[in-house]
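Here is a short briefing to read with the model open beside you. Take it in any order you like.

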Amino acid sequence: MSLKSKTLDLLRRREKAIQGGGEEAIEKQAAMGKMTARERIKAILDKDSFHEYDLFVEHEARDFDMEKKVLHGDGVIIGTGSIDGYPVCIFAQDFTVAGGSLGLMHARKITKIMDHALKLRVPLIGINDSGGARIQEGVSSLAGYGEIFFRNTLASGVIPQISVILGPCAGGAVYSPALTDFVFVVDKISKMFITGPEVIKTVLGEEISMEDLGGARVHSEITGNAHFYSETEEECFSQIYKLMTYIPWSNERKAIPFKSKEPKSKYKIDAIVPGDPKQPYDVRDVIKAVSDDSDFLEIQEYWAANIIIGFGRIAGETIGFVANQPLVLAGVLDVDSSDKAARFIRFCDAFNIPIITFVDVPGYLPGIDQEHAGVIRHGAKVLYAYSEATVPKITVILRKAYGGGYIAMNSRHLRADFVFAWPSAEIAVMGPEGAANIIFKKEIQASPDPDKIRKLKIKEYKEKFANPYVAAAKGYIDTVIEPKETRKLLVHAIEVSKNKRIDIPKKKHGIPPF
Amino acid sequence: MENIKINDDVLEMVLEEVQVLEQIEYSNFYIDDTKYKTLLTKKFEKRQPWKSPDKSKIITHVPGTIGKILVKEKEKIKPGQKLLVLESMKMKNIVETQDTGVIKRICVTPGQKVSKGEVLIEL
């Protein structure tokens with residue numbers, strides 16, 4: 001056979017293999033409102049940048065008549081490509097081939113591209129759309145999952161790992177996304193759960209739909225498993241694209257800087273925050289009033305909304321923003337918000353992203369439900385994450401910073417590099433009302449007019465302690481600034497922190513309060 | 001572009017959809033005697049008030065089906081005694097007591113399906 005005819009033979013083989021599960025299965029996929037695995041890869045990556053490997057892989061199953069079945073590519077597509085010029089490794093499960101079920105060779109393809117990503121130090125993107133383990137391959141598919149989880153863990157903190165849930169992702173399969181850094185879900189398409197509605201019904205007698213059990217909304221609002229929610233696959237892909245511009249290829253690099261741009265004039269920093277610490281406002285406006293071009297990519301927007309996390313830029317450099325949100329639950333720290341902030345801080349620290357923290361916190365949320373849900377253990381995560389982080393850490397105290405909340409929100413005591421406070425800042429052990437009621441309890445009780453004396457004492461306490469100057473006198477904050485000076489000081493702080501280096505005691509690893 | 005007639009003059013103008021700004025209703029939220037104005041989350045609003053456990057009632061912690069009942073009414077029971085079998089999570093779970101007492105009433109019968117939190121036995 002001549003080289004030409006051998007090449008033609010290759011093209012024919014290729015043509016056949018890329019059909020995946022065939023026309024009928026592709027039509028079914030479209031009927032479910034889903035793109036095919038190939039279409040997804042094409043939509044996420046730069047034009048013509050995708051190069052596929054292991055197209056001709058075949059499964060080795062020999063039981064249950066499996067030897068007679070041809071599964072093109074064994075239900076998964078792997079390869080390398082780029083997003084906005086950034087190299088990435090990618091895999092996409094192909095639901096049209098045996099429901100995207102995971103058998104031994106399917107898993108080997110995924111682990112191959114994971115090993116590549118780790119070796120090459122480039123981000124990994126995994127698109128999940130699979131019915132789960134391929135039952136016919138038995139324990140081999142379980143082994144496959146295990147090999148994937150192991151690599152997710154090994155790569156954690158070395159390369160960014162992104163999971164895109166574009167179909168069912170059930171049983172053991174959900175643990176791979178859970179081990180990665182960012183999980184993207186799409187309304188009506190994504191489904192994640194350990195045990196499905198069927199099993200729940202037989203075992204527990206409780207009836208629930210797939211959507212209510214583990215749909216995109218559930219994971220975005222209730223569980224916090226998902227980081228980005230969208231209505232359509234296209235919107236999801238543009239979110240991925242945007243995220244990629246903020247994060248570095250690996251932990252050995254910094255995110256590629258942009259050109260510095262002033263915030264938009266509609267965000268007027270001195271007109272957002274009410275002077276009364278009891279009044280709400282949207283702290284995202286403060287972030288947008290200081291970030292380059294007022295750009296802010298919020299993460300986990302719908303879960304634990306009492307804390308805000310996300311990426312923006314200051315002077316062109318990627319910044320991880322953490323801010324208490326007075327608009328929701330007065331911005332308290334609780335189990336979920338602590339969890340949310342702590343994990344984000346650790347991502348930023350692992351990938352050399354400076355952290356800017358805006359503080360307006362009344363403390364930790366009181367309540368039996370919180371105590372029993374382990375607010376001690378979860379709240380401690382914030383302390384751990386900030387203390388452990390060695391990237392530049394800058395704090396701006398906007399208003400209240402009370403009690404444990406003050407300490408936890410990147411205080412000087414957890415080694416913030418710069419702590420700035422607005423003149424509206426109140427750094428105190430608790431709010432004036434609570435403090436006065438305790439300190440002056442006897443006087444208030446002994447008075448013929450307790451309400452009057454209480455009000456008087458609250459006022460007295462407010463005047464003495466509800467300000468930034470007590471903390472400034474002790475050097476716990478570095479300077480009290482005018483609100484309109486905030487961006488200027490942040491730009492300066494980021495610039496002077498570029499060569500920050502601190503050494504932490506040598507250890508294998510710490511033991512965070514997981 | 002729409003044509004609008006005002007006092008016989010026909011004006012051409014673009015009508016834009018105007019979003020009516022909703023008046024946000026904030027809730028009161030107390031921490032350390034301070035009253036904050038803020039929005040509440042669904043999770044916060046749905047939280048269950050805590051109840052001290054009632055030792056006179058033995059309740060289910062998982063849904064399931066009642067199997068064999070191993071005690072009788074008016075029977076004296078002591079810690080570690082097996083009370084009944086609850087079939088749940090693909091297992092036959094034996095429900096034991098941790099307390100001493102006298103059985104006042106058995107509230108379930110074999111074969112009955114029970115949900116979480118249902119009373120099995122009253123002491």
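The notes below start with the model as a whole and then move to strands and helices.

This is a predicted model, in which local features need pLDDT of at least 70, side-chain atom pairs count only at pLDDT 80 or more, and totals for chains, interfaces and linings use all residues. Residues are numbered from 1 along each chain as its sequence is written, chains are lettered from A and ligands numbered from 1 in the order in which they are written, and side-chain values use heavy atoms, with hydrogens and water left out.

**Chain A overall**

- Chain A has 20 helices and 17 strands; helices (H or I, at least four residues) and strands (E, at least two) are DSSP runs, numbered from the N terminus.
- Taken along the principal axes, the C-alpha atoms of chain A fill a box of roughly 100 × 55 × 45 Å.
- Of its 514 residues, 55% count as buried, where buried means under 20% relative accessible area, exposed over 50%, and partly exposed in between (1.4 Å probe, protein chains only).
- Among the contacts in chain A with a separation of 6 or more, 72% come from residues 24 or more positions apart; contact means heavy atoms within 4.5 Å.

**The open sheet**

- In chain A, 7 strands form an open sheet with mixed pairing, in the order β1-β2-β3-β4-β5-β7-β9; two strands pair if DSSP finds at least two bridges between them.
- Its edge strands are β1 (51-53) and β9 (228-230) of chain A, each of which pairs on one side only.
- From one strand to the next, the twist averages 20°.

**Strand β2 of chain A and its neighbours**

- β1(A) and β2(A) (residues 76-83) run antiparallel and are joined by 3 bridges; here A:Glu52 has A:Gly79 as its bridge partner.
- β2(A) also pairs with β3(A) (residues 86-93) in the antiparallel sense, over 8 bridges, and in β3(A) the partner of A:Gly79 is A:Ile90.
- The hairpin of β2(A) and β3(A) has 2 residues between the strands, and A:Asp84 takes a positive phi near 50° there.
- β2(A) is mostly covered, with 8 of its 8 residues buried.
- In a regular strand the side chains alternate between the two faces of the sheet.
- A:Val76, A:Ile78, A:Thr80 and A:Ser82 point one way from β2(A), while A:Ile77, A:Gly79, A:Gly81 and A:Ile83 point the other way.

**A closer look at A:Gly81**

- A:Gly81 lies in strand β2 of chain A and counts as buried because its relative accessibility is 13%.
- Leaving out residues up to four places away in sequence, A:Gly81 touches A:Leu45, A:Ser49, A:Phe50, A:Tyr86, A:Pro87 and A:Val88.
- The C-alpha atoms of A:Gly81 and A:Asp48 are separated by 8.4 Å, and the two residues are 33 residues apart along the chain.

**Helices α12 and α14 of chain A**

- The axes of α12(A) (residues 335-350) and α14(A) (residues 375-388) come within 8 Å and cross at roughly 25°; axes are lines fitted to C-alpha atoms, for helices over the stretch in contact, and angles run from 0 to 180 degrees between N-to-C directions.
- The two helices are therefore roughly parallel to each other (under 35 degrees counts as roughly parallel, over 145 as roughly antiparallel, 65 to 115 as roughly perpendicular and the rest as oblique).
- α12(A) passes α14(A) in a left-handed crossing, meaning that the near helix is turned anticlockwise from the far one by less than a right angle, whereas clockwise is right-handed.
- Residues making the contact include A:Ala342 and A:Ile345 of α12(A) and A:Val382 and A:Ala385 of α14(A).
- By class, this contact has 7 nonpolar, 3 polar and 5 charged residues; Ala, Val, Leu, Ile, Met, Phe, Trp, Tyr, Cys and Pro count as nonpolar, Asp, Glu, Lys and Arg as charged, and the others, Gly among them, as polar.

**Helices α16 and α18 of chain A**

- The axes of α16(A) (residues 432-439) and α18(A) (residues 450-465) come within 9 Å and cross at roughly 115°, in a right-handed crossing.
- The contact of α16(A) with α18(A) divides into 6 nonpolar, 1 polar and 4 charged residues.

**A hairpin in chain B**

- β8(B) (residues 82-88) and β9(B) (residues 91-96) run antiparallel, joined by 6 bridges, and B:Leu86 stands opposite B:Asn93 in β9(B).
- With 2 residues between the strands of this hairpin, B:Met89 takes a positive phi near 50°.
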